[in-house]
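Good morning, and thank you for coming.

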Amino acid sequence: MDKNARIYIAGHRGMVGSALARQLAAHGYRQLVTRTHAELDLTNQAAVERFFEAEKPQVVLLAAARVGGIFANASQPASFIYENLAIETNVIHAAYRAGVERLVFFGSSCIYPKACPQPIREEYLLTSALEPTNDAYAIAKIAGLKLCESYNKQYGTKYVALMPTNLYGPNDNYDLKSSHVLPALIRKAHEAKVNGDATLTVWGTGAPRREFLHVDDLAAATRFILERDVMEGLFNVGVGTDLSIRELAQCVQRIVGFAGEIVFDTSKPDGTPQKLLDVSRLREMGWHAQIGLEDGIRQTYQDYAAARGAQAAR
Ligand code: GFB
């Protein structure tokens with residue numbers, strides 16, 4: 001892909017968008033186009049169309065979305081389905097009207113059925129019921145990948161959908177109500193250590209299994225797709241292994257250096273029992289995740305603690 005291509009990163013300040021900006025800048029892409037939420041409200045169709053008519057980017061990375069963990073999804077389904085549908089329909093249609101050459105849409109592993117064979121292959125999509133705690137978000141993201149497929153079929157566009165597993169890394173959300181599990185456990189373990197608390201509370205039973213991909217690996221997979229001229233399709237992006245929430249909590253406890261007891265709050269939902277992605281499609285093309293979970297959590301925790309002025313466990 002031309003290093004001078006005008007690449008619009010929608011959501012450049014978020015965890016995925018900022019990782020994309022870092023990855024592309026580090027590999028010589030010189031014309032990254034960005035707009036803050038205050039500068040461009042992607043739920044406003046007229047504003048999005050004016051932006052695309054004025055800027056005419058050649059490539060669009062659609063990383064802007066309303067995202068959150070199990071509690072946020074279960075408590076705010078209307079916000080999740082409305083904002084994500086509005087963003088993707090506005091951006092994908094305006095990209096088509098402006099003649100954008102390439103677009104990458106980012107979804108999530110929660111688009112797949114709650115109970116399907118593991119690891120999950122792309123073809124399992126829509127084969128049975130979704131996980132209730134995040135079905136509104138999942139429907140919005142399924143609509144997004146269907147938009148890409150439909151515009152490719154009817155208009156000959158070149159829009160690709162990437163479905164990452166659970167993500168973590170720089171610029172993650174650490175709010176304990178709206179965050180995902182890994183940043184929540186990092187924050188809770190850190191605060192328990194600093195405050196000298198006796199226990200660390202983990203939601204649910206600890207039995208569900210999750211797969212974790214560092215966001216820099218997702219950004220590398222995106223550049224891989226763009227530089228190999230992959231013009232359409234649906235691709236899972238993951239590391240190929242998972243662990244239980246209990247094992248994750250023990251790993252975070254060890255890395256943070258919290259010596260207290262882990263307790264489980266079973267009044268909180270477990271969500272889907274497992275959602276391990278089959279990453280064969282990308283692997284057969286030669287892409288593999290590079291960042292191991294322990295190293296990734298350690299670096300993430302050190303950045304987290306440093307940003308809060310505390311000495312992290314070395
Ligand atoms: O990461 P998480 O919020 O979302 O929860 P999902 C994963 C598992 O960790 C659940 C447990 O079983 C939670 O009960 N967990 C334990 C915690 N302690 C905590 C905690 O302190 N905070 C949180 N948040 N979880 C999301 C979807 O599902 O996955 C999103 O809701 C998106 O839409 C995302 O798809 C990737 O992995 O269950």
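**The ligand and its surroundings**

Around the ligand there are 22 residues, and those that come nearest are I70, S108, K188, P269 and D270; a residue counts as near if one of its heavy atoms lies within 4 Å of the molecule. Please note that this is a predicted model, in which local features need pLDDT of at least 70 and side-chain atom pairs count only at pLDDT 80 or more, while totals for chains, interfaces and linings use all residues. Residues are numbered from 1 along each chain as its sequence is written, and side-chain values use heavy atoms, with hydrogens and water left out.

Let me turn to the polar contacts, that is, pairs of N or O atoms within 3.5 Å. In S108, a side-chain N or O atom is 2.7 Å from an oxygen atom of the ligand. P269 brings a backbone N or O atom to 2.7 Å from a ligand oxygen. For D270, a polar backbone atom is 2.5 Å from an oxygen atom of the ligand. On its own the ligand has 700 Å² of accessible area, of which the protein covers 98%; such areas come from the Shrake-Rupley method with a 1.4 Å probe.

Which elements supply the shell? At least two residues each come from α3 (70–75), α6 (181–195) and β7 (199–203), and α6 gives the most, with three. Helices (H or I, at least four residues) and strands (E, at least two) are DSSP runs, numbered from the N terminus. By type, the shell holds 10 nonpolar, eight polar and four charged residues; Asp, Glu, Lys and Arg count as charged, and Gly is among the polar ones.

**Helix pairs**

Two packed helices are described by the angle between their axes and the distance between the axes. Helix α4 (residues 77–97) and helix α5 (residues 135–155) have axes that come within 8 Å and cross at roughly 15°. α4 is therefore roughly parallel to α5, a term for angles under 35 degrees. The axes of α6 and helix α10 (residues 293–307) come within 11 Å, crossing at roughly 55°, which means that these two helices are oblique to each other.

**Two backbone features**

Most residues other than glycine have a negative phi, and most peptide bonds are trans. The peptide bond from Q118 to P119, however, is cis, with omega near -5°; P119 is placed in the loop between β4 (102–106) and α5. K56, which is not a glycine, has a positive phi of about 45° and is found in the loop between α2 (45–55) and β3 (59–62).

How values were computed: Polar contact = N/O pair within 3.5 Å; in protein donor to acceptor, adjacent residues only side chain to side chain. Axes fitted to C-alpha atoms, helices over the stretch in contact; angles between N-to-C directions. Parallel < 35°, antiparallel > 145°, perpendicular 65-115°, else oblique.
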